[in-house]
Amino acid sequence: MEVEVLGVKRVVQPNCSCEFEIFKKRLKESERQMERRRIFSIFRSSSMGERLENSTFENFIKREGTETAFSQAKRFVEEFENNDGIGLMFFGPPGSGKSHLAAAITNELLARDKTVVFQAVPDLLERIRSTFNRHSSESEQEIMWALNECDLLVLDDIGSEKVTGWVYEVFFRIVDGRYRKKKPIVYTSNLTPKELELRFSEFEDGDRIEIQQTPRILDRITETTDFIKVTASSYRKEIARKRIEARRKESVG
């Protein structure tokens, strides 16, 4: 192609459309990898702990009351590429397998090159509070950016925290930020959806009690979340009972 630049004619070789599309894909992938590294530099480690870091669907012990949750978790992973911002909430009694399934989702998607942030809610709130210290090496803005930009955010044990005006606002910023970007959140909770609604309907704000008839947070969560009840009994208690029974038999023998 002959073009004139400042009165001088030059011959240049233009890219064909297919080459340009390849270039755009490479550029987009490069940007995604840079973003991925930045997110993982902020969340170098999750708060899964050793017990959950190796959680998979294969080593999940399926018991009565976990069938629906297990199948929905696997389906969520398999259909993740086409996810349009719809997440999951596993709710039920402690020890029923909720966190294991959330961790299994996390580990499976990480293996598929997705950016996933898994955070126990109390740990996350404490980390954000620590940024208020002027000696902190990270900022609240950095943390919030990562929480909003990762492919999947997992919030473990929501509802366990004391709800204050600050806690409420932090949650709303996280939930609303991902809501606007159509990015899903997976939650686990020991509370039912109704109990969770009551938890966020009344919170301390300074010296007064703030009451909301319809919490903004629950509006967002309800619209973008499939609620899955896990009815299995506590696996930890089952293990403890078996251990005690085994010791009793040994002592009798």
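A: The answer below starts with the whole chain and then turns to the spaces and their surroundings.

This is a predicted model, in which local features need pLDDT of at least 70 and side-chain atom pairs count only at pLDDT 80 or more, while totals for chains, interfaces and linings use all residues. Residues are numbered from 1 along each chain as its sequence is written, and side-chain values use heavy atoms, with hydrogens and water left out.

The protein has 10 helices and 9 strands. These are DSSP runs numbered from the N terminus, with at least four residues (H or I) for a helix and at least two (E) for a strand. Of its 253 residues, 41% count as buried. Buried means under 20% relative accessible area, exposed means over 50%, and partly exposed lies in between, using a 1.4 Å probe and protein chains only. Contact means heavy atoms within 4.5 Å. Among the contacts with a separation of 6 or more, 78% are between residues 24 or more positions apart.

Now to the empty space. Rolling a probe the size of a water molecule over the atoms shows where empty space is left. The search uses a 1 Å grid over the protein atoms alone: a cavity is a set of points where a 1.4 Å probe fits but cannot get out, whereas a pocket is an open set with protein on both sides within 12 Å along at least five of seven lines. Lining residues have an atom within 4 Å of a point. Grid points are joined across faces, edges and corners, and a volume is the space filled by probe spheres set on the points.

The structure holds 1 cavity of 30 Å³ or more. The largest cavity has a volume of about 60 Å³. Its lining includes Gly-85, Gly-87, Val-175, Arg-178, Tyr-179, Lys-183 and Tyr-187. Helix H7 (165–181) and strand E6 (185–189) each supply at least two residues of that lining, and H7 gives the most, with 3 residues. By class, the lining divides into 5 nonpolar, 4 polar and 2 charged residues. In this scheme Ala, Val, Leu, Ile, Met, Phe, Trp, Tyr, Cys and Pro count as nonpolar, Asp, Glu, Lys and Arg as charged, and the others, Gly among them, as polar.

Lys-183 lines the largest cavity, and Lys-183 also lines the second largest pocket. That pocket has a volume of about 290 Å³. Other residues in the pocket lining include Arg-32, Glu-35, Phe-80, Lys-114, Asp-151 and Lys-182. The pocket lining has 2 nonpolar, 2 polar and 8 charged residues.

Lys-182 is in the loop between H7 and E6. Most residues other than glycine have a negative phi. Phi of Lys-182, however, is near 55°, a positive value. Lys-182 counts as exposed because its relative accessible area is 51%. Asp-84, in the loop between helix H3 (67–78) and strand E3 (87–91), is 98 residues from Lys-182 in sequence but 5.8 Å from it in space, C-alpha to C-alpha. With a relative accessible area of 49%, Asp-84 is partly exposed. Another residue with a positive phi, of about 70°, is Asp-113. Asp-113 lies in the loop between helix H4 (98–111) and strand E4 (116–120), and is partly exposed at 30%.

Asn-148, in H6, is buried, with a relative accessible area of 13%. Leaving aside neighbours within four places in sequence, its contacts are Arg-173, Ile-174, Gly-177, Arg-178, Lys-181 and Lys-183. Gln-141, also placed in H6, is exposed at 58%.

The last part is the nonpolar core: a set of buried Ala, Val, Leu, Ile, Met, Phe, Trp, Tyr and Cys residues joined through side-chain atoms within 4.5 Å. The largest one has 34 residues, and Leu-147, Phe-200 and Ile-217 have the most contacts inside it. Not counting residues up to four places away in sequence, Leu-147 touches Phe-43, Val-117, Leu-124, Leu-153, Ile-174 and Arg-178. Apart from this core lies another, of 25 residues, among them Phe-80, Ala-104, Ile-105 and Val-154.
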